[in-house]
Amino acid sequence: MPFDPLPPDTVMKTVNLKKYYQVGGLFAPKRVVKAVDGVDLSLKDEVYCIVGESGCGKSTFARVVVGLEEPTEGDVLIRVRDETASILKMMGEKVKGNTVSYKHLSPKGKRVVKREIQMVWQDPYSSVDPRMKVWEAVAEPLIIHKLVKDKKEARERAIEILKKVKLPEDVADRYPHQLSGGQRQRVVIARALSVNPKVIVADEPVSMLDVSIRAEIINLMRQLHESEGTSMIVITHDLSTTPHLCDRIGIMYLGRVVEEGPTREVIEDPLHPYTKALLAAVLEPDPENRERELVVPIKGEVSRPPERGCRFWPRCVALDMHKELEGLCKYEEPGYFVKGERKVACWLHKG
Ligand SMILES: Nc1ncnc2c1ncn2[C@@H]1O[C@H](COP(=O)(O)OP(=O)(O)OP(=O)(O)O)[C@@H](O)[C@H]1O
C-alpha cells in the first residue's frame, strides 16, 4: 500500500497499528494477545501522554513506534529532518516530502531513521552502561550516527547537552553509579536528546524515581519540548502527572485508545466511563471535591477483551445505567465519535 506525506502540522502518525503475540504452547492452550489493537495516533508539535493501567499495551506500543519490534499490521509514518531525508534519498529509500513509512524502509533505512525517534526508558539504573563515563554515554549516539568528527568534538557536544538537562559540568567525568536516580534520568534524557531527534518516546520516565524529584523531571521534559522543539510521547499509568506535562492525552484500554483530547478537557470533562474510573482513582487533593473519588467505580480488573462488542463493557458501570445500549455495547465495537478536538470510542456518545 502506498503512503501519503504527513500534513504539515503532523510529526508522526501511527496507522491502524497492531501488535499481536501468540502465547501458550506445550502446557497451556495457545491464544493470541492483542497487545496493541488498531491505534491511530497523530503526533503534532506537542507532548502527548498515553495513559492506562498495567497490561493495556503502552510499552508494546512504544517499542513498535521506535522500531524495536515489527508491527503485526499497520504502519508508522514519520516526518524526518531535511538532512535525514537527503541521506535516505541518496540511499534510494522512499521519501515523500520528508515523510517516511516504516513499511517502505529497508533495514538500513530504518537504522538511519532511528536518529529521529529516540526512547527514554523507565529505569535510569539499567539504561546507561555502568562502564561508561557520563559524557561517553551521552556522546555514544552522536558517534553511532556519525554526527561528530572526533572524540574532542563528541565530548564538547555531550557537555553542551548536559547543560541543557541542567547537570553541572563536573558530572561529565563521573560514572553512573556516582549519580542519584534523578541525575541518571537526566543523563538518559540527555542521551536521547543528543542526536536532536524529532520525537522522544518516554516510557514511564518518572515512575522509578523518588516522589520528591518526579516534578523536576516532568518540568524538565516540558521545558525541553519547548526549547528544543522535540515532540514527545510520554507513557504513564498515572493521570496526575499529565496536567503539568501534556498538551493532549490518549486513554488506552486493552490495546486501543478509547478517548483522546486536550489534557484539561479530558480531565475536567471525561467522556469515556474508563477515563472516569481512572480519574476517580487519582486522589483528589481538594477536600471539597473528595466525593468525586467515589462516584465512578469500575468492575473487576484488566483481563482479556470480550469476543465481541466494546472491549470495556464487562467492566463498565455506565452500561448498568443504560441497559438500552446493551444490544450495541455487547455486540459491536464502537468507532470514534468526534466532537471538536476530542474523540471517544463509546456508544454513550453516539449522538
Ligand atoms: N513479548 C511478548 N510476548 C507475549 N505477550 C506479550 C509480550 N509483550 C507484551 N505482552 C503482553 O501484551 C500485553 C500488553 O503488555 P505491555 O507491557 O505492552 O503493557 P503495559 O501497558 O506497558 O503494562 P506495564 O505498565 O505493566 O508495562 C500484556 O498482556 C502482556 O502480557
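Me: Which residues come nearest to the ligand?

Reply: This is a predicted model. Of the 13 residues around the ligand, Tyr21, Ala35, Ser54, Ser59 and Thr60 come nearest.

Me: Which elements give two or more residues to that shell?

Reply: Strand 1 (12–23), strand 2 (31–43) and helix 1 (58–65) do. Helix 1 supplies the largest share of the shell around the ligand, with three residues.

Me: What is the make-up of the shell by class?

Reply: Five residues around the ligand are nonpolar, seven are polar and one is charged.

Me: How is the protein chain divided into domains?

Reply: Domain 1 covers 12–269 and domain 2 covers 272–351. Taken over C-alpha atoms, their centres are separated by 29 Å.

Me: How should I read the contact between the two domains?

Reply: In general, the size of an interface is often given as the accessible area lost when the parts come together. Here the description is by residues in contact, a pair counting if the C-beta atoms lie within 7 Å. On that basis, 19 residues of domain 1 are in contact with 16 residues of domain 2.

Me: Which elements give two or more residues to the side of domain 1 that touches domain 2?

Reply: They are strand 9 (248–253), strand 10 (256–262) and helix 9 (263–268). Strand 10 gives the largest share of this side, six residues.

Technical notes:
Residues numbered from 1 in each chain as written. Predicted model: local features only at pLDDT ≥ 70, side-chain atom pairs only at ≥ 80, totals over all residues. Domains from an automatic or database assignment. Helix = DSSP H or I, 4+ residues; strand = E, 2+ residues; numbered from the N terminus. Near = placed C-beta within 6 Å. Nonpolar A, V, L, I, M, F, W, Y, C, P; charged D, E, K, R; others polar.
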